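This short report is meant for someone meeting the structure for the first time. Please look over the sequence and the model before reading on.

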Amino acid sequence: MQAALEVHLVRVTADDGEVQIWLAATSRDQALDLVLDAIPEGWAVSLMQRQLTPEHVSMLDMMLGEARRHEMS
């Protein structure tokens, strides 16, 4: 697998109104589709404008095509 060179932030809203932030290791154009494939049908997604720096992308250690929920600490 290939390491991701870009990771985009996706805002996910569940049916109950809970808001989650997901990380999508793909092109900006494909980020929403990647996250939609990973979450339950009917949940809403939107692309966030904030861009991650190359240093942050490297620290995430994600593979190209990976989507994961961001766990807030």
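With which side chain does the side chain of R69 make a polar contact? In this predicted model, the partner is the side chain of E18, and the polar contact has a distance of 3.1 Å.

## The setting of R69

R69 belongs to strand 4, which covers residues 67-69. The residue is partly exposed, because its relative accessible area of 33% falls between the 20% under which a residue counts as buried and the 50% over which a residue counts as exposed.

When neighbours within four places in sequence are left aside, the residues in contact with R69 are E18, Q20, I21 and W22. As for V35, which lies 34 residues from R69 along the chain, the C-alpha atoms of the two residues are separated by 9.1 Å.

## The largest pocket

The largest pocket holds about 220 Å³ of space, and its lining is made up of L9, I21, L23, M48, R50, L52, H56, M59, L60, H70 and M72. Two or more of these residues come from each of strand 2 (19-24), strand 3 (44-51) and helix 2 (54-60), with helix 2 giving the largest share, three residues.

Definitions and conventions
Residues are numbered from 1 along each chain as its sequence is written. This is a predicted model: local features need pLDDT of at least 70, side-chain atom pairs count only at pLDDT 80 or more; totals for chains, interfaces and linings use all residues. Side-chain values use heavy atoms; hydrogens and water are left out. Helices (H or I, at least four residues) and strands (E, at least two) are DSSP runs, numbered from the N terminus. Buried means under 20% relative accessible area, exposed over 50%, partly exposed in between (1.4 Å probe, protein chains only). Contact means heavy atoms within 4.5 Å. A polar contact is a pair of N or O atoms within 3.5 Å; within protein, one must be able to donate a hydrogen and the other to accept it, and residues adjacent in sequence count only if both atoms are side-chain atoms. On a 1 Å grid over the protein atoms alone, a cavity is a set of points where a 1.4 Å probe fits but cannot get out, and a pocket is an open set with protein on both sides within 12 Å along at least five of seven lines; lining residues have an atom within 4 Å of a point. Grid points are joined across faces, edges and corners, and a volume is the space filled by probe spheres set on the points.
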